[in-house]
Amino acid sequence: MLGVFSSSIISPPDELVAAGCRTPSPKISSTALAKRFADSNTAAVSLQIGDHVHLAFTHHNESPLRPRSLAVKEEIFCLFEGALDNLGSLRNQYGLPKSTNEVLLVIEAYKALRDRAPYPVDHVVGHFSGSFAFILFDNSTSTLFVASDQFGKVPLYWGITADGYVAFADDAGLLKGACGKSLASFPQGCFYSTSVGELRCYENPKNKITAEPAPEEEIWGAKFKVEGPAAVSATGLGYHNFPMEIS
């Protein structure tokens, strides 16, 4: 799956900008990246949302344990990869029918909490159990929301293209060719929301996330880590699922 967003939606993270400056390397534009994805993936589905957002996915070479899906509802677009172990209980929690799959659940959970502000956005993923990564874009508010599961079972990467777009994908090789060293693995157990304006660990939202330069021989330009106790949860340990009620 692939999500590409202009700087009018998300400001390129300083850590990825710095990584690209330390080791200049070839990049391509966001348009070329989207074309490369379409050309290299059988039966790819692509969506262009205005001039600032491009979403795409394909079922080609997907894992049967981590299927990919795309859904749109009320101007909320979501790409999802993986499976939620507690999908049934989440359906009950949000009052959704049994036909609701993971990608629709993410949209409904986001929409419920958005409309019942001031619930923090980390509550959307704080109750998810399973293997997942998703890219959600709310066109009505120009809000981007990206998250990865606490065990990092579904790979997710992000980088900056030649024209300053921020790209997210489950294929590191695809982004490497587009983003050069302005590239990093998206940290597990974390989320990025433009409504918050920064990367956070959803298990410990107050703990700082820092980035350090990656070794030159690695394809990444930077590595993100959670400071303090949350550093444990970034390896998939110490996760707690607190109940939440929505009326």
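## Starting inside: Phe-168

Let's begin with one residue and its surroundings. Setting aside neighbours within four places in sequence, Phe-168 touches Met-1, Leu-2, Gly-3, Phe-5, Ile-10, Ile-135, Leu-144, Val-146, Tyr-157, Trp-158, Leu-175 and Phe-186. Keep in mind as you explore that this is a predicted model.

Where does Phe-168 lie? Look for strand β9, which covers residues 166-169. Is Phe-168 buried or exposed? Its relative accessible area is 0%, and because buried means under 20%, Phe-168 counts as buried. One of its contacts is Ile-135. Phe-168 and Ile-135 are 33 residues apart along the chain, yet 7.9 Å separates their C-alpha atoms.

## A cluster of aromatic rings

Phe-168 also belongs to a group of rings. One aromatic cluster is made up of Phe-5, Phe-137, Trp-158, Phe-168, Phe-186, Tyr-192 and Phe-224. Among these members, Phe-5, Trp-158 and Phe-186 are also in the list of residues that Phe-168 contacts.

In the protein chain, the count of aromatic pairs comes to 15. One of them joins Trp-158 and Phe-186, whose ring centres are 5.2 Å apart. How are these two rings arranged? The angle between their planes is 70°, and the pair is edge-to-face. Why does this pair tie together parts that are 28 residues apart in sequence? Trp-158 sits in strand β8 (residues 157-160), while Phe-186 sits in the loop between β10 (183-185) and β11 (190-193), so the pair links those two parts. Both Trp-158 and Phe-186 are buried.

Now for some loops. Asn-61 is in the loop between β3 (53-57) and β4 (68-73). Although Asn-61 is not a glycine, its phi is positive, at about 60°. Asn-61 has a relative accessible area of 66%, and because exposed means over 50%, this residue counts as exposed.

Follow the chain to Glu-74, in the loop between β4 and β5 (76-84). Glu-74 is another residue other than glycine with a positive phi, here near 50°. With 52% relative accessibility, Glu-74 is exposed.

Which loop holds Asn-86? Asn-86 lies between β5 and α3 (87-94). Is Asn-86 buried or exposed? Its relative accessibility is 15%, so Asn-86 counts as buried. From Asn-86 to Val-103 there are 17 residues in sequence and 13 Å in space, C-alpha to C-alpha.

## Stepping back to the whole chain

How many helices and strands does the protein chain have? There are 7 helices and 14 strands. Along its principal axes, the C-alpha trace spans about 50 × 45 × 35 Å. A compact globule of 247 residues would have a radius of gyration near 18 Å, and the 17 Å of this chain agrees with that.

Of the 247 residues, 51% are buried. Sequence distance is worth a look too: among contacts with a separation of 6 or more, 63% are between residues 24 or more positions apart.

## The surface and its charges

What does the outside look like? The protein chain exposes about 10,900 Å², with carbon and sulfur atoms supplying 53% of that area. As for charge, there are 20 positive and 26 negative side chains. The centres of these two sets lie 1 Å apart.

How values were computed. Residues numbered from 1 in each chain as written. Predicted model: local features only at pLDDT ≥ 70, side-chain atom pairs only at ≥ 80, totals over all residues. Heavy atoms only, no water. Helix = DSSP H or I, 4+ residues; strand = E, 2+ residues; numbered from the N terminus. Rg over C-alpha atoms; globule rule 2.2 N^0.38 Å. Buried < 20%, exposed > 50% of the residue type's maximum accessible area, 1.4 Å probe, protein only. Contact = heavy atoms within 4.5 Å. Areas by Shrake-Rupley, 256 points an atom, 1.4 Å probe, with all protein chains shown as cover. Lys, Arg positive; Asp, Glu negative; His and termini not counted. Charge placed at Lys NZ, Arg CZ, Asp CG, Glu CD. Phe/Tyr/Trp six-rings, centres within 6.5 Å; stacked < 30°, edge-to-face > 60°.
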